[in-house]
Amino acid sequence: MLKKLLSYIPGNGKKKPRQFERRDIPRDQHNVSRTLLSDPAKKVLGRLNNAGYEAYLVGGGVRDVLLGGKPKDFDIATNATPEEVHELFRNSRLIGRRFRIVHVLFGREVIEVTTFRGNAADSDNDEEDDDRRTSEHGLLLRDNVYGSLEEDALRRDFTVNALYYCIRDFTVIDFANGLEDLRNRQIRLIGDPETRYREDPVRMLRAVRFAARLGFTIEPETEAPIRELAPLLTHIPPARLFDEVLKLFSAGYGEVTYDLLREYNLLAPLFPETVRAINQGEPDLLIRKALQNTDKRVAQGKSVSPHFMFAAMLWPALQAEWRRRQDNGEPVQPALHQSIARVIGRQVQATAIPKRFSAPMKEIWELQMRLPRRQGKRAFVTLAHPRFRAAYDFLLLREESGEIESGLGQWWTDFQNAEEREQTRMISAVGSNAPRKKRRRKKPASKD
Ligand code: ATP
Ligand code: MG
C-alpha cells in the first residue's frame with residue numbers, strides 16, 4: 001500500500017521521497033469543530049454525503065481553523081464528478097478548463113467543490129491524453145484525471161493544504177504530515193519541489209503568499225529552487241497572474257509579501273518594468289507606503305482597491321519613463337500620457353489589468369498633474385472628479401515617501417474641509433503666492 005502511495009508522489013524517483021502514511025486524528029485530538037464551518041459549507045458537505053458521495057473540507061478551511069484563525073473561504077473535495085455535483089445543487093455552476101470545478105453559490109459566499117484528482121501514474125504519455133497534459137516546460141495544461149482521496153491529497157500543493165476534515169465522524173485526515181508542518185510553521189511542497197513548480201509555477205507565488213500570511217517559513221528544499229525557476233512564471237497566462245497579484249497584495253500582509261517576492265526573484269515576472277526601474281535606482285518607498293496603508297486597511301476590515309494598488313506598484317516604472325521622455329525634450333504633459341500608455345501596454349503582457357481597473361488607475365496618475373493646478377475653477381473641477389479621493393491619497397503617499405515636498409497634500413486636506421468662502425480665499429492665495437509659470441521648453445535633445 002505504501003509503495004503504491006509513493007508512486008503517486010509527483011517527481012518520485014528524483015530524490016528520496018518523504019514517507020507518507022495516512023493518519024486519522026479523532027475529534028478529541030484536534031480543534032476543528034462543525035461550529036467553525038459556515039452554514040453553506042456544512043450544507044454542501046451534508047448534501048453530498050446524503051447523496052452517497054464522500055465529501056471533505058480541505059485546504060484553507062481546515063488549515064486556518066487548525067491554526068485558530070478564520071478561513072477566507074471553504075473548499076470541498078469529493079468523489080462526485082463535477083457534473084454530479086452540479087446536478088445536486090441548482091445554485092451551482094461548472095467552471096474552469098485547466099481544472100474543472102464547481103462553484104456552489106450562497107449569496108456572496110462561494111463554496112468551491114473539486115473532484116478528487118488523480119495523478120495518473122502513466123501520465124508520461126499524456127500527449128495523447130486530453131485529460132491531463134503538460135507542456136514542454138513541464139507545465140500542467142490540464143489535469144482532469146479523477147482519483148482517490150489519497151491521490152487527491154498528494155496532488156495538492158503544500159502539506160498544510162492537504163488536510164481533510166470529515167463531517168460524518170469529525171476526524172481530520174492527514175496524508176502528508178501536514179499537521180507536523182503546521183506545528184513547525186513550515187510551508188513544504190508535497191513531492192519533488194522542482195517538478196511541482198514546473199507543473200505549475202504559480203505554486204512559487206502561493207508558497208510566498210502563505211508564508212507571509214501565516215508567518216510560516218518556507219522549508220529549505222521547498223525554498224531552494226524558487227530563485228532559479230521564478231522566470232517560469234512568464235509562461236502563465238496574464239489573467240491568472242493578475243488574480244494572483246490581487247491575492248498577494250490584498251490579504252493584509254502586502255509589505256512582507258513584497259519583500260519575500262523580491263527576495264525570491266518573483267517580483268520581476270509580475271512587474272518587470274517596476275523591477276527594472278528600481279534596479280536602476282528608482283526608489284520604491286511609495287510602494288512600501290502604499291502596501292503599509294493597504295495592510296492597515298485590511299486589518300480594519302476595509303476593502304482594497306486594485307486600481308490604487310496597481311497605480312502604486314507601477315509608479316516607479318512610470319516615473320522612470322516619464323523622466324526619460326522629459327529628458328528627451330518631450331513636454332511634461334504629453335510625456336506623461338505617452339508614459340502611461342507605454343507602462344500599461346507593457347504591464348498587461350505580464351499581468352492582465354482589466355479595463356475597469358486600468359481606467360481609474362490612469363486617472364489617479366493623470367490627476368497627479370492636475371492637483372498642483374488650483375487657480376480659477378480648477379480646484380473645484382478636480383475636487384468633483386470621481387477619482388479625486390484616490391488621487392489625493394496617492395498624493396499623500398508621494399509626500400510621505402519624500403518624492404515631493406509636503407504642503408500640497410495639506411492644502412487639499414484643508415480645502416476639502418473648508419466652507420465655500422474659505423475655499424475661494426484659498427484659491428486666490430494660491431494665485432498670488434504661486435503665479436503660473438510660463439512653461440519653459442527644454443531644447444530637444446539631439447537624437448542619436
Ligand atoms: P486561501 O485561504 O487563500 O483560500 P487555500 O489553501 O484554501 O487558501 P485555495 O486557492 O482556496 O487555497 O485552494 C484550495 C486548495 O486547493 C489548496 O489548499 C490546495 O490544497 C489546492 N490547490 C490550490 N491551488 C493549487 C495548485 N496550484 N496546485 C496544487 N494544489 C492547489
Ligand atoms: Mg481556499
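Modeller: The side chains of arginine 213 and aspartate 64 meet in a salt bridge, with 3.0 Å from N to O; the term stands for a side-chain nitrogen of Lys or Arg within 4 Å of a carboxyl oxygen of Asp or Glu. Arginine 213 lies in helix H8 (residues 202–214) and aspartate 64 in helix H3 (residues 60–66), so the pair ties together parts that are 149 residues apart in sequence. Helices are DSSP runs of H or I with at least four residues, numbered from the N terminus.

This is a predicted model, in which local features need pLDDT of at least 70 and side-chain atom pairs count only at pLDDT 80 or more, while totals for chains, interfaces and linings use all residues. Residues are numbered from 1 along each chain as its sequence is written, chains are lettered from A and ligands numbered from 1 in the order in which they are written, and side-chain values use heavy atoms, with hydrogens and water left out.

Arginine 213 has a relative accessible area of 17% and is buried, a word that means under 20% relative accessible area (1.4 Å probe, protein chains only). Aspartate 64 is buried as well, at 7%. Aspartate 64 also forms a salt bridge with arginine 63, where the closest N and O atoms are 2.9 Å apart. Arginine 63 counts as buried too, its relative accessibility being 3%.

The structure holds 31 salt bridges. Another one joins the side chains of arginine 188 and aspartate 181, at 3.0 Å from N to O. Arginine 188 is buried at 15% relative accessibility, and aspartate 181 is buried at 0%.

Notes. Buried means under 20% relative accessible area, exposed over 50%, partly exposed in between (1.4 Å probe, protein chains only). Helices (H or I, at least four residues) and strands (E, at least two) are DSSP runs, numbered from the N terminus.
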